[in-house]
Amino acid sequence: MLGKLIKHDMRSLLRLILPLTLAIIASALLCTLALRLVVSTASTGDGSGYEIMIISSLGAYIFLNAAAVLIYPTVVTILIMYNFYKNLYTDEGYLTFTLPVKRSSILLSKFLTAEFWTFISFVVTSGCVAFAIFFGTATDTLYNTDIMPFIEFILQFVDVTFTAPLIFYIISMVAGSLFQTVIIFLAITIGSIVAKKLKLLAAIGIYYAMDLVTSIVISVIGFIMMIPSFMSDSSALLSSITLQPLVNGIIYVGFAVASYILTNSLMKNKLNLP
Amino acid sequence: MSETVLEARGLCKSYGAQPVIYDMNFSLPAGRIIGLLGPNGSGKTTLIKLAAGILTPTSGEILVNGREPDEVTCGLVSYLPERTYFSGWMKASAAVDYFADFYADFDKNRALTMMSHLGIHPDSRLRTLSKGTKEKLQLVLVMSRAARLYLLDEPIGGVDPAAREYILRTIISNYAENSTVLISTHLIADIEPVLDDFLFLRDGKIVMQSSTDEAREKYGMSIDGLFREVYRC
Amino acid sequence: MKRLMWHIDGSAPLYLQLASSLRYSIVSGERPAGSRIESVRDLAADAKVNPNTMQRALVELEREGLIETRTTTGKFVTDDASIIERTRRDALDELIAEFTVRLHAIGCGSDEAAKRIKELANGEGTGSAAIGADGGTAE
């Protein structure tokens with residue numbers, strides 16, 4: 001049954017998110033072209049008024065596109081959450097919650113599909129930026145030939161001491177993403193099921209409250225971790241800085257798990273559709 | 001077999017401080033068509049939503065086949081709410097496939113046949129259908145399931161007489177053998193010939209429960225007439 | 001076969017009225033002798049009544065011998081033309097009895113009525129209604 005839920009959730013989200021994603025990718029391709037034009041005009045031009053016009057109009061387009069690509073992940077999150085709310089807590093909920101499936105499966109399907117599309121949006125955003133930099137900053141070559149040597153130069157310095165922090169950093173990013181998804185789920189659920197009035201306000205309030213509490217916990221624990229380094233030497237400081245992202249990741253995961261369990265419990269035992 | 005299909009024990013439901021269902025007790029057997037009758041606001045829809053599991057009791061219990069509403073009872077219960085619960089962008093055929101996907105007791109061919117009789121093209125998007133047609137489509141899907149308990153919330157309220165006929169005929173032709181159909185309505189005269197039993201609801205309490213034959217004999221009038229007597233202001 | 005009209009009002013128990021409508025359809029030839037009768041469910045759906053009630057109506061007609069159940073194949077109108085004829089005669093007698101009561105209420109006798117029926121059927125005489133041989137009203 002979980003597979004069927006996932007199938008239908010993916011279909012709904014695909015319908016919402018794919019057109020936007022394709023538009024962003026298309027726009028990024030055009031933007032890369034525009035960037036090349038700007039770069040070549042700027043480097044070979046003679047500063048005539050005609051050129052200034054081209055550069056400023058293309059530049060405006062590039063700026064807008066950059067803004068769009070940066071906003072895109074947030075828009076994807078909004079679409080995911082809109083779908084979550086619509087499918088569960090509007091009239092559609094009458095269908096969803098009377099299916100012969102466990103409520104926990106419903107939540108799990110929503111969670112997995114949300115994370116999938118969040119990941120996709122991250123890949124698309126990174127891909128567009130990388131693509132623009134790689135192909136857009138070149139002048140007379142296809143791609144910017146300075147980039148690969150630059151990367152190789154950096155990689156020289158990468159050794160064991162870099163890989164651990166890098167992995168921890170990635171862990172904290174992923175954990176942060178899971179955390180954000182789950183607390184929005186919880187906020188929407190509390191707003192829809194528990195709050196009697198001002199449901200939207202309650203939802204927003206819960207979200208920020210969770211965010212604040214987690215940030216406070218992270219700061220406090222971060223500070224505690226720094227304490228040993230005040231006493232002794234710089235190696236303790238370095239290890240606590242390195243460990244910081246991992247600890248943050250664990251805190252995020254802990255709060256995410258707690259929020260998930262709470263959301264699951266509310267859906268299962270306290271459901272009241274108006 | 002006269003097992004109990006739906007049972008309420010001390011069932012209470014309040015919205016905040018406002019009680020809607022108050023200490024309700026009843027037991028409905030299998031194989032009967034039962035009318036849940038009462039004026040608007042008497043708690044009919046709330047009771048049906050509790051049986052469907054989309055409301056949680058404030059206290060007491062409601063049991064479907066002896067279980068509290070969960071994913072197993074959802075497989076036994078075919079619920080038709082008063083509202084449309086499909087997205088507008090969905091095609092009619094997609095709605096049919098959705099039911100076929102999740103409900104093992106769904107008869108897809110029967111649903112498609114009834115859909116074509118209604119003149120609904122499988123590829124038409126639901127938002128292009130009129131309200132009445134959407135309601136009939138949902139009824140067709142619900143009645144194409146071989147459920148143990150059908151919960152129909154006001155299926156004939158607010159529709160024209162021709163639609164009412166279609167809906168009643170669809171219900172009678174399609175409910176599964178030996179299953180129970182619980183129909184809530186305030187249109188007594190239309191539904192009376194269809195009912196085996198009935199419950200009168202007022203202000204969240206059951207004020208009468210009987211078979212239609214016994215009540216007609218005992219009080220010497222139709223259930224419609226009896227209703228007017230009982231609910232006289 | 002034209003659609004069966006179910007005559008239902010509050011005057012008698014529902015199952016008896018359903019039986020009456022079915023009986024009429026048989027004696028009028030709308031449901032010919034030996035013809036198949038739809039399932040209880042389909043009949044009930046058509047009349048918009050509870051199948052149990054329709055079942056009781058069918059049981060009545062089975063008691064009268066108008067309907068017989070052949071196991072595995074379903075219910076059929078009887079082949080026995082004499083039973084149908086007898087039922088038809090009974091229905092006619094019933095109609096006549098009702099008619100006679102109303103005749104006496106306007107001070108007419110049976111002989112006068114019978115003569116008048118013949119006249120109107122032959123298209124003779126004036127009257128606000130000329131009765132055709134098939135029972136319909138001619139324009």
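Trainee: How many residues apart are C:Arg116 and C:Glu119 in helix α5 of chain C?

Mentor: A helix here is a DSSP run of H or I with at least four residues, a strand a run of E with at least two, both numbered from the N terminus. C:Arg116 and C:Glu119 are three residues apart in helix α5 (residues 110-121) of chain C, so about one helical turn separates them. The model is predicted: local features need pLDDT of at least 70, side-chain atom pairs count only at pLDDT 80 or more, and totals for chains, interfaces and linings use all residues. Residues are numbered from 1 along each chain as its sequence is written, chains are lettered from A and ligands numbered from 1 in the order written, and side-chain values use heavy atoms, without hydrogens and water.

Trainee: What do the side chains of C:Arg116 and C:Glu119 meet in?

Mentor: A salt bridge (side-chain nitrogen of Lys or Arg within 4 Å of a carboxyl oxygen of Asp or Glu). Here the N to O distance is 2.6 Å. The count over all chains is 32 salt bridges.

Trainee: Which parts does the salt bridge of B:Glu154 and B:Lys44 tie together?

Mentor: That pair has 3.6 Å from N to O. B:Glu154 lies in the loop between β6 (149-153) and α6 (161-174) of chain B and B:Lys44 in helix α1 (residues 44-52), so the tied parts are 110 residues apart in sequence.

Trainee: Is B:Glu154 buried or exposed?

Mentor: Buried means under 20% relative accessible area, exposed over 50%, partly exposed in between (1.4 Å probe, protein chains only). B:Glu154 is buried at 9%, and B:Lys44 is buried at 4%. C:Arg116 is partly exposed at 33%, as is C:Glu119 at 23%.
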